[in-house]
Amino acid sequence: QLHEALRLEVLTAYGGRCACCGEMTIEFLAIDHVNGGGSKQRVALKGANWYRWLKKQDFPLGFRVLCHNCNMAIGFYGLCPHRSVRTDAQSPVEFRN
C-alpha cells in the first residue's frame, strides 16, 4: 500500500492524467521520459524504487504521465494515434482536432 500511495503521489505531481489522450485511470498510467532514455536510467538506478527516486529529486523536469497505450505507440511507432503530426520526443506536439 505504501508503494501505491507513493506511485499516486508521483503521478499526481506530474499531472495525474495522460499527457496525450487525457486518460485518468491510475492503473493505466505510467511515468515517461520526455526525451527518451528510460532504459539507460533503469540501468543507472540499479533496481532502486523509481517513484522514490523521482520524489527525492523533487519531481524533476523531463518526465510526464502517459497511459500505457500512448506510451507503447510512441515507443513502437514514434507517434501516438492521438497526435496529428509525427514528432521526435524533443519537439512540441500538436493535438488532433
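Tutor: Gladly! Let's start with the rings: those of Phe, Tyr and Trp count as a pair if their centres lie within 6.5 Å. In this predicted model, there are six aromatic pairs.

Student: Why is the pair of Tyr 14 and Phe 59 called edge-to-face?

Tutor: Their ring centres are 6.1 Å apart, and the limit for a pair is 6.5 Å.

Student: What makes Tyr 14 buried?

Tutor: Its relative accessibility is 15%, and buried means under 20%, so Tyr 14 counts as buried. Phe 59 has 23%; that value lies between 20% and 50%, so the label is partly exposed.

Student: What makes Trp 50 and Phe 63 an edge-to-face pair?

Tutor: The centres are 5.5 Å apart and the planes are at 70°, which passes the cut-offs of 6.5 Å and 60 degrees. Trp 50 sits in helix α3 and Phe 63 in strand β2, 13 residues apart. Together with Trp 53, the residues Tyr 14, Trp 50, Phe 59 and Phe 63 form one aromatic cluster.

Student: And why is Met 72 called partly exposed?

Tutor: Met 72, in helix α4, has 45% relative accessibility. Exposed would need over 50% and buried under 20%, so Met 72 is partly exposed. With Phe 76 and Tyr 77, Met 72 forms a nonpolar surface patch of about 400 Å² accessible area together.

Terms used. Residues numbered from 1 in each chain as written. Predicted model: local features only at pLDDT ≥ 70, side-chain atom pairs only at ≥ 80, totals over all residues. Heavy atoms only, no water. Patch = residues over 30% accessible without salt bridge, like charges linked within 9 Å, V, L, I, M, F, W, Y side chains within 5 Å. Areas by Shrake-Rupley, 256 points an atom, 1.4 Å probe, with all protein chains shown as cover. Salt bridge = Lys/Arg side-chain N within 4 Å of Asp/Glu carboxyl O. Helix = DSSP H or I, 4+ residues; strand = E, 2+ residues; numbered from the N terminus. Buried < 20%, exposed > 50% of the residue type's maximum accessible area, 1.4 Å probe, protein only. Phe/Tyr/Trp six-rings, centres within 6.5 Å; stacked < 30°, edge-to-face > 60°.
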